[in-house]
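Me: I'm new to this one and would like to go through it piece by piece. Here it is.

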Amino acid sequence: MKVTKAGAKYSQPLRREGSTQKNSAEHEEYAGVYSPAKIAETDSTNANESEERLLEQIASNHNLNEAFKRVKANKGSHGIDGMKVDKLLQYLKENGETLRQSILDGKYRPNPVRRVEIPKENGKKRNLGIPTVVDRVVQQAIAQVLTPIYEKHFSENSFGFRPKRSAHDAIRNSQNNIQEGYKYVVDMDLEKYFDTVNQSKLVEVLSRTIKDGRVISLIHKFLKAGVIIKHKFEETEVGVPQGGNLSPILSNIMLNELDKELESRGHRFVRYADDLLIFCRSRKSAERTLTNILPYIEKKLFLKVNREKTVVDEAKRVKFLGFSFFRYKGEARVRIHPNSVAKMKVKIKEHTSRSNGNGNEARAEQLRRYIRGLVNYFKIADMKTLLQSTDKWMRRRIRMIYWKQWKRVRTRFANLKSLGIRAQQAWEYANTRKGYWRISDSPILSKSL
């Protein structure tokens, strides 16, 4: 099979039919020769409408326009055809109608995804599949229609990749369970979940709710599209490519089967994507729960459980979404897990390295963005003391950078004087032979910088 190399002529050639129109809305949209009527925002995703017409909802001009906006906003890397997001609008203006018709006629063929490996914390690598930008639009259009249909079926204990739900909700729910006496957990680890999903089982689960066979067929084409690894094509007989717009909802649809099974057995649990905690009152109960649920996961859902990483332990000893739990004065509380703290310090160390090539302004902006994101994510945790100590350490590292940059005695002397240090002290410190790290904690630099 020939594969178009990145940067070559964009694949998925679509026949141009007629002229195009431009929509002058606040967000750019594409429109083919058809002139769409105004559609209410919820019309294209109405779960109560006959599911026999789901494909028409997916391929509607309004839904595809919304999908285009989402793909454009998310940006992201190119697929195997080399087309970047900034070229997508023009492409869809010229080929939007043909694309839409090919979806309705069942002739749409997704491209293979581009394999990208990203490092994990444990030194291993996670496989991502990057679809072409056109395929991402179609995937997003499918996801927009499926989401409201499946939301009413999903468990209240599932929080990942769902509207108006977040990791914070998952942590608060876990905290409530611990507060009510469920202090032991089964910390379930599904081994390479996205890479091991049984596609036949997933299609079977989809078919129970989605009665439009054309939609099932379209989703199946994405599952079977294949992957390009080092310019070679490989078939995808199992798994859901992690990195596509459709992967999150397909993940939730599959694992919703596990959610329903756990609910039918009366278990308390919290799931965020493939991270799962089952809460129990005693260690024996947790061990029994693990033993009983394993056959269902492995023999009914055909998923793999990592026996080494799946543990039964007290809730305060497990890491969940970067957080850990503890008790203070009889109340269940949340803090940042020590591993997350160590990871944070490594990141700050990288940003405050004396030799990373960044200027002071760029370094400050990178630190500002990182710290803002970190605090926003962990804001529900008890971390005042941690932030204070980390801030003190980070400022010392920044002072060390400036001290090194000043280098010469006369430069140090002039800068210290300009910052309000008396001439005699400035001259003494300018001539010091102490190391960068030691001098960065001196009273003079602490005061002047």
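Me: How much of H9 is buried?

Reply: In helix H9, 14 of the 18 residues are buried, so the helix is largely enclosed by the rest of the structure. Buried means under 20% relative accessible area, exposed over 50% and partly exposed in between, with a 1.4 Å probe and protein chains only. Helices (H or I, at least four residues) and strands (E, at least two) are DSSP runs, numbered from the N terminus.

Me: Where do these values come from?

Reply: This is a predicted model, where local features need pLDDT of at least 70, side-chain atom pairs count only at pLDDT 80 or more, and totals for chains, interfaces and linings use all residues. Residues are numbered from 1 along each chain as its sequence is written, and side-chain values use heavy atoms, with hydrogens and water left out.

Me: Back to H9. What span should its residues have, and what do the ends give?

Reply: H9 covers residues 247–264, which should span 26 Å at 1.5 Å a residue, and its end C-alpha atoms are 26 Å apart, so the two agree. The expected span is 1.5 Å times one less than the number of residues.

Me: Where is the kink in it?

Reply: The kink in H9 is centred on Leu255 and is about 30°. The bend at a residue is the angle between axes fitted to the seven residues ending there and the seven starting there. Just after H9, Gly266 has a positive phi of about 80°.

Me: Which residues have the most contacts inside the largest nonpolar core?

Reply: They are Leu88, Ile142, Met188, Leu202, Leu250 and Ile253, in a core of 70 residues. Helix H4 (residues 133–151) gives the largest share of this core, 11 residues. A nonpolar core is a set of buried Ala, Val, Leu, Ile, Met, Phe, Trp, Tyr and Cys residues joined through side-chain atoms within 4.5 Å.

Me: What does Leu88 touch?

Reply: Not counting residues up to four places away in sequence, Leu88 touches Phe68, Val71, Met83, Val133, Val134 and Val137. Contact means heavy atoms within 4.5 Å. Another core, of 28 residues, lies apart from the largest one, and includes Ile178, Tyr182, Phe279 and Phe325.

Me: Switching to sheets. What is the strand order in the antiparallel one?

Reply: The order is E8-E9-E5-E10, in an open sheet of 4 strands. Two strands pair if DSSP finds at least two bridges between them. E8 (268–272) and E10 (311–314) are at the edges with a single partner strand each, so one side of each has no neighbour in the sheet.

Me: Which helices pack on that sheet?

Reply: Helix H5 (residues 167–179) packs on the sheet, touching E8 and strand E9 (275–280), and its direction makes about 165° with that of E8. Helix H10 (residues 283–300) also packs there, touching E5, E9 and E10, with a direction about 25° from that of E5. Axes are lines fitted to C-alpha atoms, for helices over the stretch in contact, and angles run from 0 to 180 degrees between N-to-C directions.

Me: And the mixed sheet, what order is that?

Reply: Its 4 strands run E4-E3-E6-E7, again as an open sheet. Strand E6 (residues 227–229) and E7 are antiparallel and joined by 3 bridges. Ile229 has Lys232 in E7 as its bridge partner.

Me: Last topic, H13. Which helices do its buried residues pack against?

Reply: They pack against H11 (338–351), H12 (360–378), H14 (409–418), H15 (423–430), H16 (436–439) and H17 (443–448). Among the buried residues of H13 are Met394, Ile401, Trp403 and Trp406.

Me: And Ile421, buried or exposed?

Reply: Ile421 counts as buried because its relative accessibility is 6%. Ile421 sits in the loop between H14 and H15. Ile421 and Ile444 are 23 residues apart in sequence, and 7.4 Å apart in space, C-alpha to C-alpha.
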